[in-house]
Amino acid sequence: MGKKESEMSAMEIDDPKSENSDQILPRFSINVLQLMKSSQAQHGLRHGDYARYRRYCSARLRRLYKSLKFTHGRGKYTRRAILESTVTDVRFLHVVFYMAERAWSHAMEKRQLPDGPNARQRIYLIGRLRKAVKWASLFSSLCSIKTDSRTSLEAEAYASYMKGTLLFEQDQNWETGLACFKNARSVYEELGKYGDLENQVLCRERVEELEPSIRYCLHKIGKSNLQTSELLQIGEMEGPALDLFKAKIEAAMEEARSQQAASLTEFNWLGYRFPVSNPKSRVSILKAQELEKELQGPTAESIAAEKKLAIYDKLFTAYHDARNTIRSDLVSAGNAESVKDDLNGLDKAVGAVLGQRTIERNQLLVKIAKSKLNRKRDDKSEKVTRPEELVRLYDLLLQNVADLSDLISSGRDRKPEEIAFEEECQRKSLAFRAERCFYLAKSYSLAGKRVEAYALYCRAQSLAEDAMGKFQSVAKKDEGTILELKTLSNECRANSCIEHATGIMEEERAPENLSNRISTISLNDTATRVEEYLLDKLDVYESAVGDSNTKTAPKIERFPPAFQSIPRNPIVIDLAHTCIEFPKIENRMQRSRGGLLGRFFR
């Protein structure tokens, strides 16, 4: 049979409308979105590990090839194409799907490099995305023939997303990319109206992931006017589909900051105006100021604590970048004293602002720890805050305030603003000392040391009242801090009374408790704990290794072995020795020879 005849016969077998076929071949069904989401979440993409997901796709393909007996030769590699006639099992469609996923994850792995892909790596990245588009298109075309209508729609949306991702990365044909993303979104919107609840949730999440890419494409075309803050909010969304988008957002925001940095010529701090001449310093300071607006804006109260901590980390990175640039400019300034003075002042100002934000971040950590201290633990795995942890946090705050105060007071001619700021640092330090003393007293109370706890509560109350008096003496009163100090003073007084009463009760009960303990002591108490080992209970099915969560040694056999009593040889006392008459043996003895020859032969 010729090659063309064999291909025609194969097509006739696969064609359900063929006249020679006696039965209609079944349609395959794949939940493409659920398969993709579960594979990505379980094999690395929950934490953004694209290398692990790529390795999983390769291993999955090897297993599929082996189970389908669809290998490409043992010695010389000969690719076997997957055609319409080849797909006699749903696993062939899985092969095509995981080929697309492997190429896509490899491209994303290159995108996630620390310093970004260079020119050569970017060419390779685009090539892998092209491979992903090729396999996704083949997957869509095969599903349109071999699967049901729902699977075909999902495969079409998957192929549209891959094509839109390629165009998104290439920074070209934004209209075509927008059409691809919109096509995928419309498919998932329709599919989200049907099926079980899990499928509807997945489809809605996919629509939310595609929405930022669509808005960005509209922004690049010119049909949408997105501000920098809006781009930042969109870029904070999570999901593997948004990682390429985040890279574009970051590039766009850097471009916007570079344009806005041209207007940032001075840095204002406590009445000083320091010129900012380096463009890199301008961009870093501008980025930090945008993050500060987000933390201090009207919507700051609605931001979750974990998200605030992440924003603080980005803010610290921006200020550290600015300080590194300023210090490198100081090195290259040479002997220009005026330039060096301006740069030193700018470095001091940025360091002071960084110190203030560090105090704010540590206060947020204190707030989180306090909420966990008084909350009942519903989940056993939830960690409960101990008073010692709050003492450590207040130690950090005191060190931060001391460093900031030293930085402020390091100048010679100080302005009234600097003196007022230093006095504010001293008031904060006194308030932090009162809080630290209070939680140190709590730790002593939990340890049962009543005298020390009572003394520390009294000391904390005295510090809180002093700090409250200083905060009330200033013109611009901080009502929130004053209220906190007042509450702290009341708690100190209440806890000191409790510790005093508890100490007296324990002292009164001490003789009674001692007599009860003595009365239970018995000299003839033989109820000792007997430890059983594996060799002592071979007929019982019980583990001798013990619980894996404990640090006890396994009880297999006693080592070193215990001493055992053994019988010794009997002791015979020979009392009949004197009554026995022994035979004479002189006749058996050798007779001695006399003379010279006798001596010689002896």
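**View 1. Helix H13 and the largest pocket of the predicted model.** In this predicted model, H13 gives the most to the lining of the largest pocket, with nine residues. The pocket has a volume of about 1,300 Å³. Its lining counts 37 residues. Nearest the centre lie Glu360, Gln363, Leu364, Thr481 and Glu484. Helices H11 (279-296), H12 (305-332), H13 (337-373), H14 (387-408), H15 (416-446) and H17 (479-519) each give two or more residues to the lining. By class, the lining holds 19 nonpolar, five polar and 13 charged residues.

**View 2. The stacked pair Tyr65 and Phe70.** The count of aromatic pairs in the model comes to 19. One of them joins Tyr65 and Phe70. The ring centres lie 6.3 Å apart. The planes meet at 25°, so the pair is stacked. The cut-off for stacking is under 30 degrees. Tyr65 and Phe70 are both buried.

**View 3. The tilted pair Tyr161 and Phe181.** A pair of aromatic rings is described by the distance of the centres and the angle of the planes. For Tyr161 and Phe181, these values are 6.3 Å centre to centre and 55° between the planes. The pair is tilted. Tyr161 belongs to helix H6 (residues 149-170). Phe181 belongs to helix H7 (residues 174-191).

**View 4. An aromatic cluster.** Six residues make up this group: Tyr53, Tyr56, Phe97, Tyr98, Phe139 and Tyr158. Ring pairs link them into a cluster.

**View 5. Charges over rings.** Two sites are shown. At the first, the charged end of Lys134 sits over the ring of Trp135. The distance from the ring centre is 5.6 Å. At the second, the charged end of Arg427 sits over the ring of Phe471. Here the distance from the ring centre is 5.8 Å.

**View 6. The chain behind the close-ups.** The protein chain has 18 helices and two strands. Of its 602 residues, 39% count as buried. Consider contacts between residues at least 6 apart in sequence: 65% of them join residues at least 24 apart.

Technical notes
Residues are numbered from 1 along each chain as its sequence is written. This is a predicted model: local features need pLDDT of at least 70, side-chain atom pairs count only at pLDDT 80 or more; totals for chains, interfaces and linings use all residues. Side-chain values use heavy atoms; hydrogens and water are left out. On a 1 Å grid over the protein atoms alone, a cavity is a set of points where a 1.4 Å probe fits but cannot get out, and a pocket is an open set with protein on both sides within 12 Å along at least five of seven lines; lining residues have an atom within 4 Å of a point. Grid points are joined across faces, edges and corners, and a volume is the space filled by probe spheres set on the points. Helices (H or I, at least four residues) and strands (E, at least two) are DSSP runs, numbered from the N terminus. Ala, Val, Leu, Ile, Met, Phe, Trp, Tyr, Cys and Pro count as nonpolar, Asp, Glu, Lys and Arg as charged, and the others, Gly among them, as polar. Rings of Phe, Tyr and Trp (its six-membered ring) pair if their centres lie within 6.5 Å; planes under 30 degrees apart count as stacked, over 60 as edge-to-face and the rest as tilted. Buried means under 20% relative accessible area, exposed over 50%, partly exposed in between (1.4 Å probe, protein chains only). A charge sits over a ring if NZ of Lys or CZ of Arg is within 6 Å of the ring centre and within 35 degrees of the ring normal. Contact means heavy atoms within 4.5 Å.
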